[in-house]
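Me: I'd like to go through this model with you, starting with its aromatic residues and then moving to one of its helices. Could you set out the terms as we go?

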Amino acid sequence: MNGRKPTLRILQGLMKLHKSINYRKHNPKTFRSGLEKEAAAFLSKLDVPFRYEEVTIEWEDLSYRSYKPDFVLDNGIIIETKGMFDADDRRKHLEVKKQHPELDIRFVFSNAKGKLYKGSKTCYSQWCEQHGFQWAHRVIPLAWLSEAGTPITETKIKLKTPRKEPHNE
């Protein structure tokens, strides 16, 4: 602001703008998408116990991060429901898989034949197969529900390696 103090009018305008922005915070009692809602209804109808966005998985790329998977089943299978599967999401899941190889993360896509990006020859299901993830189209397979596994009892799955220190330049 060229060293000048902001005027009252400018500050009032900024406050009005700040109040008009819809800072959306997710209500954990509701679902973020129709596919998540369908998956939860399917699991509930079959009386399959699950936790919805209750587990936090720590991971790291250039900085510390965490994410909450959509569904964690009692057999330890983690299910991510995806409409769009963008590059950031794909990168995140590759890093999580590398940093937590003990986790069994699987995907349910609203359209498993969706292309990674416009003009891509690779679809979501092919990407999963190339990277060792199990996947399904629209519905959680019944076989996943009856698989034996180790329950995830923690609410936070911590990084196994020491956190990287931020680089100060």
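Reply: Buried means under 20% relative accessible area, exposed means over 50%, and partly exposed is in between, with a 1.4 Å probe and protein chains only. This is a predicted model, in which local features need pLDDT of at least 70 and side-chain atom pairs count only at pLDDT 80 or more, while totals for chains, interfaces and linings use all residues. Residues are numbered from 1 along each chain as its sequence is written, and side-chain values use heavy atoms, with hydrogens and water left out.

Me: OK, is F71 buried or exposed?
Reply: F71 is buried, with a relative accessible area of 0%.

Me: And how many aromatic pairs are there in the whole structure?
Reply: The search finds 11 aromatic pairs, where rings of Phe, Tyr and Trp (its six-membered ring) pair if their centres lie within 6.5 Å, and planes under 30 degrees apart count as stacked, over 60 as edge-to-face and the rest as tilted. One of them joins F50 and F71, which is edge-to-face because the planes are at 70°, with the ring centres 5.4 Å apart. F50 sits in strand β1 (residues 50-52) and F71 in strand β4 (residues 71-73), so the pair links parts of the chain 21 residues apart; helices (H or I, at least four residues) and strands (E, at least two) are DSSP runs, numbered from the N terminus.

Me: What about F50, how accessible is F50?
Reply: F50 has 23% relative accessibility and therefore counts as partly exposed.

Me: Which aromatic pair do Y52 and F71 form?
Reply: Y52 and F71 form a tilted pair, at 5.4 Å centre to centre and with 50° between the planes. Y52 lies in strand β1 and F71 in strand β4, so this pair ties together parts that are 19 residues apart in sequence, and both Y52 and F71 are buried.

Me: Switching topic, which residues of α2 are buried?
Reply: In α2 (residues 34-45), the buried residues are L35, E36, A39, A40 and L43. They cover an arc of only 135° around the axis, which puts them on the same side of α2; the arc is that of the directions from the helix axis to the C-beta atoms.

Me: What do those buried residues pack against?
Reply: They pack against β1, β4, β5 (77-82), β6 (104-109) and α5 (142-146), where contact means heavy atoms within 4.5 Å.

Me: Which exposed residues does the face turned away carry?
Reply: That face of α2, turned away from the buried side, carries the exposed residues K37 and K45.

How values were computed:
Expected span 1.5 Å × (residues − 1).
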